[in-house]
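The sequence and the model are shown first.

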Amino acid sequence: MKKSPTVGEILQAKGVSRRGFLKYCATTASILALPPSMIPRIAEAIEQARRPSVIWLSFQECTGCTESLTRSASPTVEGLIFDAISLDYHHTLQAAAGDQAEAARHAAMEENDGGYLVLVDGSIPMGNPGYSTIAGISNVDMLKETAAGAAAVVAIGSCAAFGGIPGADPNPTGAMSVRDLIKDKPVINVPGCPPIPTVMTAVLAQFLTFDTLPELDKHGRPMAFYGTTIHDRCYRRPFYEQGKFAETFDDKGAKAGWCLYKLGCKGPITYNACATAKWNSGTSFPIEAGHPCLGCSEPNFWDKGGFYEPLSTGQFGSGAQLAGAAAAGVALGALAAAAGRRRQAKFTQEG
Amino acid sequence: MDLLEFARGPALQWAAYILVAGTIWRLVGILLLKEKPDFSEPRARGGLGAALKVIYTRSFTATPFKKATLYPKMLAYVQHLGLFAVVLLFVPHIVFFEGFLGFGWPGLPNNAIYLLGVAMVVASIALLVRRLTSPVLKLISNFDDYFSWFVSVLPIVTGLIIPLRLGLRYETLLAIHILSVALLMIWLPFGKLGHAFLVFVTRGTTGMVFERRGAKT
């Protein structure tokens with residue numbers, strides 16, 4: 001069997017300069033919070049790594065995650081690193097379909113048993129297997145069969161990581177996350193709607209460099225990217241501290257770039273790297289474009305109140321319920337007063 | 001449901017029900033009590049004017065006691081004004097009130113709020129030390145005094161910790177802060193913190209009774 005080319009050879013063939021490649025390695029080391037002394041090791045490891053086999057499974061999803069990772073505005077080293085993996089199965093991107101596609105998946109599983117990565121986007125419907133099938137195979141069966149021989153599973157996007165929009169109340173398909181179903185393999189969650197491409201490639205880079213998985217937080221997300229909140233790294237944070245807020249999307253504050261907290265920004269409770277890694281080749285991120293953070297990398301973000309409802313807005317229920325509480329107060333007060341009057345009358349008679 | 005969702009949702013919701021029901025219960029229970037019969041001839045009418053006068057004059061110490069009460073009075077003013085400023089002039093709090101009142105008002109920069117919050121906590125601690133070291137105050141203090149102190153200072157302390165983090169996650173600290181506010185809301189109608197809504201009712205009543213009897217107010 002022909003030996004597959006190394007990632008370094010592939011990048012060289014694609015015309016990536018040594019300077020550009022080292023720049024990418026330095027950025028990756030910085031993102032992963034590694035010391036500069038690790039840059040040569042990252043470069044060496046990536047250059048010499050054989051193309052890792054990746055099986056990409058798409059379940060209940062909108063293809064936004066795939067779009068995010070494949071449609072960069074211009075070719076980047078990150079994009080080429082992504083190209084350099086051996087994407088052996090991805091039913092949105094591959095030319096083969098039906099039996100041929102499934103044969104490719106099985107071949108990749110057999111050839112790389114115990115060493116391949118499974119990337120999943122989309123949630124898994126558990127209400128009825130027929131809600132989502134590929135080649136007549138239910139999503140849960142395909143996930144369990146493919147994950148059995150994998151080195152690790154990466155849940156790409158909030159749907160795979162937490163159930164996402166398909167899992168939003170009332171969750172009609174009984175959507176579940178990868179972590180809910182796969183218990184015997186390491187599962188890395190890379191949530192976001194969609195997730196940042198750099199985060200994906202950096203997780204792959206860590207896997208290629210150290211042959212280990214990154215340190216994860218309580219939601220299974222790599223700490224290097226999900227360790228701080230959007231609010232902590234937001235360039236509008238000084239306006240929050242100064243008490244300067246945009247009240248509407250077209251007022252003086254919005255034009256001056258003031259804090260979007262009052263417009264519903266969920267930055268303070270959202271852990272992601274948008275404010276530092278940014279989008280579209282480092283152009284900007286939603287807050288920079290003038291829109292509050294939706295908190296899309298957090299579990300159940302769809303069901304956490306209105307997107308444009310400020311974070312500190314309390315959820316008191318309806319006015320009718322508060323009126324009911326007030327009516328109960330009046331009734332209790334009247335009873336207390338009646339009891340008090342009886343005592344008063346008793347004292348007056350005795351007195 | 002995570003801790004923050006619980007704090008922002010059911011905890012705050014039930015605290016609001018208890019606050020509303022408890023406050024109205026206490027007020028209606030007192031206001032509907034039978035007025036004590038007064039058989040003496042009134043020296044004045046004892047109307048609303050008398051009530052408002054005493055509400056105002058009792059905000060300041062009478063001259064003979066000024067020197068003796070200067071220290072606790074100053075501390076109490078710092079404590080109360082600090083609390084009002086933190087609750088009513090911190091922008092995220094204003095947004096909170098705007099959520100159910102339908103209108104907001106201008107706030108102060110965060111650093112000013114942090115300063116006022118620290119001043120409030122320091123004044124509260126000084127008042128607690130005074131209560132614990134004064135034999136008379138100690139004798140007349142009970143659980144209500146200490147618990148009311150605790151639940152009123154706790155939300156300020158938990159709020160001040162949020163920007164410091166202290167190794168905890170923002171949403172956890174925010175949830176703890178909201179839960180401490182919920183505790184304050186639940187306790188407020190039933191303990192001595194009830195003076196928040198009873199102080200002017202009692203002062204006004206005193207003013208009306210005193211004027212009716214001809215006492216100088």
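In this predicted model, strand β3 of chain A (residues 116-121) runs parallel to strand β7 of chain A (residues 150-156), and 6 bridges join the two.

Is β3(A) mostly covered or mostly open? It is mostly covered, with 6 of its 6 residues buried. The covering applies to both faces: A:Y116, A:V118 and A:V120 are buried on one side, and A:L117, A:L119 and A:D121 are buried on the other.

Two packed helices are described by the angle between their axes and the distance between the axes.

| Helix pair | Angle between axes | Distance between axes |
|---|---|---|
| α3(B) and α5(B) | about 145° | 8 Å |
| α7(B) and α8(B) | about 165° | 9 Å |

The angle of about 165° between α7(B) and α8(B) is over 145 degrees, so α7(B) is roughly antiparallel to α8(B). α7(B) passes α8(B) in a left-handed crossing. Among the residues that make this contact are B:L154, B:P155 and B:I162 of α7(B), together with B:L173, B:H177 and B:W187 of α8(B). By class, the contact of α7(B) with α8(B) has 13 nonpolar and 5 polar residues, and no charged ones.

In the other pair, α3(B) covers residues 66-89. α3(B) also passes its partner, α5(B), in a left-handed crossing. The residues in contact include B:L75, B:G82 and B:V86 of α3(B), and B:L116, B:M120 and B:R130 of α5(B). The contact of α3(B) with α5(B) divides into 15 nonpolar residues, 4 polar and 1 charged.

The last topic is the contact between the chains. How many residues does each chain bring to it? Chain A brings 30 residues and chain B brings 34. On the side of chain B that touches chain A, at least two residues each come from α1 (3-31), α4 (91-101), α5 (110-133) and α8 (170-187). α1(B) gives the most to this side, with 17 residues. The residues on this side of chain B are 20 nonpolar, 10 polar and 4 charged.

Notes: Residues numbered from 1 in each chain as written. Chains lettered and ligands numbered in written order. Predicted model: local features only at pLDDT ≥ 70, side-chain atom pairs only at ≥ 80, totals over all residues. Contact = placed C-beta atoms within 7 Å. Helix = DSSP H or I, 4+ residues; strand = E, 2+ residues; numbered from the N terminus. Nonpolar A, V, L, I, M, F, W, Y, C, P; charged D, E, K, R; others polar. Axes fitted to C-alpha atoms, helices over the stretch in contact; angles between N-to-C directions. Left-handed = near helix turned anticlockwise from the far one by under 90°. Buried ≥ 20, exposed ≤ 12 C-beta atoms within 10 Å, placed from the backbone. Pairing = 2+ DSSP bridges. Parallel < 35°, antiparallel > 145°, perpendicular 65-115°, else oblique.
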